[in-house]
Amino acid sequence: MLHKRWFPERIDGDLVTLRRHARENLAEFLRWYQDPEVARLTRYQDGPMRPEEIERFFLMRAVGPETLAMGIHIKGSDRLIGSCAFSQLDGDNGSALFHITIGEHDAWGKGYGSDATRLMVDHAFGSLGLHRVALAVFAFNERAIRAYQRVGFVVEGRSREAILRDGKWWDELHMSILEPEWRTARWQAKATADGRALGSAGPNDDAAAGHLKGG
Ligand SMILES: CC(C)(COP(=O)(O)OP(=O)(O)OC[C@H]1O[C@@H](n2cnc3c(N)ncnc32)[C@H](O)[C@@H]1OP(=O)(O)O)[C@@H](O)C(=O)NCCC(=O)NCCS
């Protein structure tokens with residue numbers, strides 16, 4: 001099911017291209033992960049990582065043949081705007097945790113994160129043969145939650161008041177998507193594209209239809 005080279009050199013989406021990280025991407029990593037707003041949205045700890053922590057994180061999790069990370073580039077211009085990755089890959093149970101950071105503020109809210117997430121989920125189920133992709137997100141991160149829902153992730157649980165941020169307690173949401181949900185959604189998207197009525201979907205497809213937006 002799983003093999004040594006987890007990702008191809010590139011995967012093309014509608015808006016972004018995912019490419020394996022190059023060593024020189026460290027400069028962008030250092031900038032993104034020292035950004036207080038990125039840290040506020042992604043870290044339990046108060047404040048960003050120190051430069052040496054970022055460099056260690058980059059070397060361990062972004063580069064190298066066995067990492068599960070891809071750089072997110074705007075399609076066409078090729079500008080590097082962020083990174084996405086799987087961690088905690090569990091081959092026995094076919095599951096992984098998904099992470100994404102678009103580090104460039106001006107690239108937020110333009111559909112790039114949803115497109116990158118969709119590509120990673122397609123890759124997880126379509127190529128790596130996984131059964132489940134999960135993630136964790138702070139309840140105040142509405143943009144991220146919306147992007148994940150758009151791809152088909154559903155909230156499966158929450159750690160109550162797990163994070164103190166901006167003087168308030170917030171839940172951490174646990175979200176996931178399962179391979180059958182992904183397959184049903186793909187089938188429905190194809191049916192729609194083929195001009196077939198969505199009503200022709202089988203009875204077990206209702207759950208996926210309810211939480212997926214468009215194709
Ligand atoms: C989270 C992240 C990956 C989302 O990617 P993105 O490209 O910004 O998001 P998209 O444009 O694909 O989708 C965002 C959705 O949220 C909505 N949205 C945008 N800004 C919003 C805001 N401030 N509040 C609520 N919803 C918002 C958009 O309308 C869109 O929903 P729609 O498709 O129904 O219209 C990206 O913003 C990011 O990396 N942020 C910083 C780090 C981070 O939060 N990482 C995730 C940690 S779990």
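# Close-up views of a predicted model

**View 1. Strand 2 beside strand 3.** Strand 2 (residues 16–19) and strand 3 run antiparallel and are joined by four bridges. Thr17 has His73 of strand 3 opposite. Like the views that follow, this one is drawn from a predicted model.

**View 2. The hairpin of strand 3 and strand 4.** Strand 3 (residues 69–74) pairs with strand 4 (residues 80–90) in the antiparallel sense, over five bridges. Across this pairing, Met70 stands opposite Cys84 in strand 4. Five residues lie between the strands of the hairpin, where Gly76 takes a positive phi near 95 degrees.

**View 3. The hairpin of strand 4 and strand 5.** Strand 4 continues the antiparallel pattern with strand 5, to which seven bridges join it. Ala85 has His99 in strand 5 as its bridge partner. This hairpin has four residues between its strands, and Gly94 in the turn has a positive phi of about 65 degrees.

View 4. Eight strands form an open sheet in the order 1-2-3-4-5-6-8-7, with mixed pairing. Strand 1 (10–12) and strand 7 (154–165) each have a single partner strand and stand at the edges, so one side of each is left without a neighbour in the sheet. On average, and with direction ignored, neighbouring strands are turned by 25 degrees against each other. Helix 4 packs on this sheet and touches strand 1, strand 2, strand 3, strand 4, strand 5, strand 6 (132–138) and strand 8 (168–178). The direction of helix 4 makes about 160 degrees with that of strand 5. In a regular strand, side chains alternate between the two faces of the sheet.

**View 5. Helix 4 against helix 5.** Helix 4 (residues 112–126) packs with helix 5 (residues 142–151) at an angle of about 45 degrees, and their axes are 9 Å apart. This angle makes helix 4 oblique to helix 5. The crossing of the two helices is right-handed. On the helix 4 side, Gly113, Ser114, Thr117, Arg118 and Val121 take part, and they meet Ala147, Tyr148, Arg150 and Val151 in helix 5. By class, four residues of the contact between helix 4 and helix 5 are nonpolar, three are polar and two are charged.

**View 6. The shell around the ligand.** Of the 22 residues around the ligand, those that come nearest are Ile102, Gly113, Ser114, Ala144 and Arg146. Gly113 and Ser114 also belong to the helix 4 side of the contact with helix 5. Helix 2 (36–42), strand 5 (95–102), helix 4 and helix 5 each supply at least two residues of the shell. Helix 5 gives the largest share, six residues. By class, the shell divides into nine nonpolar, eight polar and five charged residues.

**View 7. Helix 1 against helix 3.** Helix 1 (residues 26–33) and helix 3 (residues 51–61) cross at roughly 130 degrees, and their axes come within 10 Å. The two helices, helix 1 and helix 3, are therefore oblique to each other. Their crossing is right-handed. Leu26, Phe29, Leu30 and Tyr33 of helix 1 make the contact with Pro51, Ile54, Glu55 and Phe58 of helix 3. The residues of this contact comprise seven nonpolar, no polar and one charged.

Note on methods
Residues are numbered from 1 along each chain as its sequence is written. This is a predicted model: local features need pLDDT of at least 70, side-chain atom pairs count only at pLDDT 80 or more; totals for chains, interfaces and linings use all residues. Axes are lines fitted to C-alpha atoms, for helices over the stretch in contact, and angles run from 0 to 180 degrees between N-to-C directions. Angles under 35 degrees count as roughly parallel, over 145 as roughly antiparallel, 65 to 115 as roughly perpendicular and the rest as oblique. A crossing is left-handed if the near helix is turned anticlockwise from the far one by less than a right angle, and right-handed if clockwise. Two residues are in contact if their C-beta atoms, placed from the backbone, lie within 7 Å. Ala, Val, Leu, Ile, Met, Phe, Trp, Tyr, Cys and Pro count as nonpolar, Asp, Glu, Lys and Arg as charged, and the others, Gly among them, as polar. A residue is near a molecule or strand if its C-beta atom, placed from the backbone, lies within 6 Å of it. Two strands pair if DSSP finds at least two bridges between them.
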